[in-house]
Amino acid sequence: MFNDYLDFEYPIIELENKLNALQSSVESTSLCIKEETLALQKKIKSLYQSTFSNLDPWQVVQLARHPQRPHTLDLISLIFQDFELLSGDRFSAEDEALVGGLATFQGRPVMVVGQEKGRDVKDRVKRNFGMPQPQGFRKSKRLFEMAEKFSLPLITLIDSPGAYAGVSAELNNQSEAIASNILSLCNLKTPIITVVIGEAMSGGAMAVGVGDHCAMLEYSIYAVISPEGCASILWKDAQNAQIAADIMQVSARQLMSNKLIDAIIPEPLGGAHRDHAQTASFISAHLSKILPTLEKLDVETLKQRRYDKWMLHQLS
């Protein structure tokens, strides 16, 4: 289990602790204890439902960033089979913040690409906290083109606080790498499904996020800039991030209501961090429904639909 609780979860945690104490009681076999246990279980479930159905945008931001939320490599291991990691951009270097490779999905060969934040401190540093540099984007572009060459559907899992904004990235032409990826995805002659699994921020998301179908996990977020970055620009104070999150409409429900995404994938009760396997099964079920539909379309229809979709987003 984990110890990272969000502030709005504490009333639920208190009840769960009380339930655990009851269940471990020496007299737990008595009828009155059993009745109280059932009543507590019912109350906990009801509190979960009422709490998580009324989250504000900032609470969704907190869930999207939860340290125990499933990351790209977690979900790849649960959703896909025979994953073969591919490395290097064939130009300069390897970028551990962006991972990708060949896999099979329900017996169908696919290409999977996504950002990886890492788990412990050492891994997070190695992964640059999921912030790719130009070599990461160039590596992903290489994998996009490989998917097209071998007629493999492309599935991208997005979870990044943004592209790395350091000097090294600028010296290696970060903006060109992101723009080149977007252009490549627009013209790719194979189906593309993107799934936002955590936070999808700025160019770090868009460089792998152009596709034919965009779905978001229920408590994930998607925006052109982080709420802290927006607050720093508008009010010169990152402490106003909560206000910025509300104005920006970053949650999946808000984006769906604005017709900026195609679908919302449900999460387990209490969020994806509480059950990685069930989260993966929900994503897998969605992919199995959408992928056959896209594969039926001929290449020109696929590209035209993609173009129309993204041009409409740009104009709206």
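Here is a short walk through the cysteines and salt bridges of this predicted model.

Let's begin with the cysteines. A disulfide needs two sulfur atoms within 2.5 Å, and by that rule the count is zero. Take Cys-186: the nearest cysteine sulfur belongs to Cys-214 and is 14 Å away, so Cys-186 is in no disulfide. Cys-186 is partly exposed, at 31% relative accessibility, while Cys-230 is buried, at 13%.

Now to the charged residues. Side chains of opposite charge can pair when their charged atoms come close. Across the whole structure, a search finds 16 salt bridges. One of them joins Arg-65 to Glu-228, with the closest N and O atoms 2.7 Å apart. Because Arg-65 sits in the loop between α3 and α4 and Glu-228 in helix α10, this pair ties together parts that are 163 residues apart in sequence. Arg-65 is partly exposed, with a relative accessible area of 28%, and Glu-228 is partly exposed at 24%. Both residues also belong to a network of salt bridges that includes Lys-117, Asp-159 and Glu-199.

The loop between α3 and α4 also holds Arg-69, which forms a salt bridge with Glu-267, the closest N and O atoms being 2.5 Å apart. Glu-267 lies in the loop between β8 and α13, 198 residues from Arg-69. Here both partners are buried.

A further salt bridge pairs Asp-74 with Arg-119, their closest N and O atoms being 2.7 Å apart. Asp-74 is in helix α4 and Arg-119 in the loop between β3 and α5, so the pair connects parts 45 residues apart in sequence. Asp-74 is partly exposed, at 23%, and Arg-119 is partly exposed, at 29%.

Note on methods: Residues numbered from 1 in each chain as written. Predicted model: local features only at pLDDT ≥ 70, side-chain atom pairs only at ≥ 80, totals over all residues. Heavy atoms only, no water. Buried < 20%, exposed > 50% of the residue type's maximum accessible area, 1.4 Å probe, protein only. Salt bridge = Lys/Arg side-chain N within 4 Å of Asp/Glu carboxyl O. Helix = DSSP H or I, 4+ residues; strand = E, 2+ residues; numbered from the N terminus.
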